Amino acid sequence: MRFHSLPDSKRYPESEEEYAIVLDRYNTILDELFAGTDVFVVTMDWSDTPTGPEGYPTPRQTLHPDGIRWWTESEQDDPDPEFHTHTRLYADRRRWNRGCLDELLRAVADEALAEVLVADTELRRIHHPYDGGADVILATPGERDRLRDQHRDWLSSHPAGL
């Protein structure tokens, strides 16, 4: 399910008031999913080589300093090594508290950081914020429907829900 982070599906905040709305919406959903539990916070970067520098520099290391390299997924199907990519995932485990990811979420809202996931430790509920909103994966259709019904004003008016 996809939630928009600003009214009228506006993509980027332009004022502190709009940043407050974005962070409130992210944190409200995150609270409903994870209040009182531990979560995994996952960030990503990519490189042309498994251990090389980031292909697109981001503030990932500053915003997620406790993230340890968890996984590297290499895509080397193309015969030209120039098109090989290595996506590296970094994770940490922490207690969810409202506001604990505000700097990271603000960077996501500004598209300064992409590919962030917050998940329960069983990986049954996943929150994927992006510039403009968040995709949420839940364990059951009933959970999805309850969350959707609580925040109908945050849903897209597009027929496909995008």
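Modeller: Just after helix α1, Gly36 takes a positive phi of about 75°; helices here are DSSP runs of H or I with at least four residues, strands are runs of E with at least two, and both are numbered from the N terminus. The model is predicted, so local features need pLDDT of at least 70 and side-chain atom pairs count only at pLDDT 80 or more, while totals for chains, interfaces and linings use all residues. Residues are numbered from 1 along each chain as its sequence is written, and side-chain values use heavy atoms, with hydrogens and water left out.

Helix α1 itself covers residues 16-34, and its 19 residues should span 27 Å at 1.5 Å a residue, which agrees with the 26 Å between its end C-alpha atoms; the expected span is 1.5 Å times one less than the number of residues. Among the residues of α1 that are buried are Glu18, Tyr19, Arg25, Ile29, Leu33 and Phe34, where buried means under 20% relative accessible area, exposed over 50%, and partly exposed in between, with a 1.4 Å probe and protein chains only.

Ile29, Leu33 and Phe34 are also, with Leu113, Val136 and Leu147, the residues with the most contacts inside the largest nonpolar core, which has 27 residues; such a core is a set of buried Ala, Val, Leu, Ile, Met, Phe, Trp, Tyr and Cys residues joined through side-chain atoms within 4.5 Å. At least two residues of this core come from each of α1, β2 (38-47), α3 (102-109) and β7 (133-137), and α1 gives the most, with seven residues.

Not counting residues up to four places away in sequence, Ser5 touches Ile21, Val22, Arg25, Tyr26, Gly132 and Gly133, contact meaning heavy atoms within 4.5 Å.

As for the sheet, it is open, with seven strands in the order β1-β7-β6-β5-β2-β4-β3 and antiparallel pairing, two strands being paired if DSSP finds at least two bridges between them. Helix α1 packs on this sheet, touching β1, β2, β5, β6 (126-130) and β7, and its direction makes about 170° with that of β6; axes are lines fitted to C-alpha atoms, for helices over the stretch in contact, and angles run from 0 to 180 degrees between N-to-C directions.
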